[in-house]
Amino acid sequence: IDGLGEALVAQLIDEGLVSDLPDLYTLNPMAVGKLERMGKRSTEKLIAGVEASKARPPWRFLIGIGILHVGATSARSLMAHFHSIDALAAASEEELEAVDDVGTIVAQSIRDYFTLPANQDRLATLKELGLPFAPSAEEQAEAEARAEAAAAGKLAGTTWVLTGTLSDSRDKFAHRITSAGGKVSSSISAKPSYLLAGEKAGSKLAEAENLGVTVLDEAALEELMQEP
């Protein structure tokens, strides 16, 4: 949420304006404006940022609700597979494990989250407040078009693990790979086609070499993406 930093979160909680996630969506601008360092412009920016968050893609909302072990890569995969938060919430562990980049631990964490009554109540409130539980028709059409393009992409049929310090965020590299038809996994095994290794790659690099997984750097990835 634009305009919502850690210090402001602490103030909102300390002043009793927020005690749970849904409270952010019913903030009183006048009360916010009385907080330290919160003038008119800062307050307007915060309220606008809160409202704008309702238009984010559902996979970003999925990250935001804070399910243990669910990051950007797995959130994208989960929403591409289930299409809505409601469908995800109703999925069994077996159905969850069928999703790329979701293993037993992640599947159990997701089930634990959605079966907790407090989380069910919180999500029901957030849904009433207009948070994105499913993509719009336009977003769904765009997703289907991207999926078709990815199926014919340069990396179609390949699986990747990312490790080390890369020149950009791992999320952006994962997005590039999936947009070109590849899949991204969080753990190394004999299954991945490639390991994309940045600086200070560490144990995953050693594991990949032991398993015979092809290791590429960013330059080699670019060459692979440019091949005819």
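Which residue with a positive phi follows helix 9? In this predicted model, that residue is G130, whose phi is near 95 degrees.

Helix 9 itself runs over residues 117-128, and its 12 residues reach 17 Å from the first C-alpha to the last, close to the 16 Å expected at 1.5 Å a residue. Within helix 9, the residues N119, R122, L123 and L126 are buried. Seen down the axis of helix 9, its buried residues fall within an arc of 95 degrees, and they therefore line one face of the helix. D121 and E128, on the other side of helix 9, are exposed. Among the elements that cover the buried residues of helix 9 are helix 4, residues 58-64, and helix 8, residues 104-115.

The aromatic side chains can be followed next. Rings whose centres lie within 6.5 Å are taken as a pair, and by this rule the count comes to three aromatic pairs. In one of them, the ring centres of F61 and F133 are 5.3 Å apart and the planes stand at 45 degrees, so this pair is tilted. Because F61 belongs to helix 4 while F133 lies in the loop between helix 9 and helix 10 (137-151), the pair ties together parts that are 72 residues apart in sequence. F61 and F133 are both buried.

Y113 and F114 form an edge-to-face aromatic pair, with 5.3 Å from centre to centre and 85 degrees between the planes, and both Y113 and F114 are buried. A ring also meets a charge in this model: the charged end of R76 sits over the ring of W59, at 3.9 Å from the centre of that ring.

Notes: Residues are numbered from 1 along each chain as its sequence is written. This is a predicted model: local features need pLDDT of at least 70, side-chain atom pairs count only at pLDDT 80 or more; totals for chains, interfaces and linings use all residues. Side-chain values use heavy atoms; hydrogens and water are left out. Helices (H or I, at least four residues) and strands (E, at least two) are DSSP runs, numbered from the N terminus. The expected span of a helix is 1.5 Å times one less than its number of residues. Buried means under 20% relative accessible area, exposed over 50%, partly exposed in between (1.4 Å probe, protein chains only). The arc is that of the directions from the helix axis to the C-beta atoms. Contact means heavy atoms within 4.5 Å. Rings of Phe, Tyr and Trp (its six-membered ring) pair if their centres lie within 6.5 Å; planes under 30 degrees apart count as stacked, over 60 as edge-to-face and the rest as tilted. A charge sits over a ring if NZ of Lys or CZ of Arg is within 6 Å of the ring centre and within 35 degrees of the ring normal.
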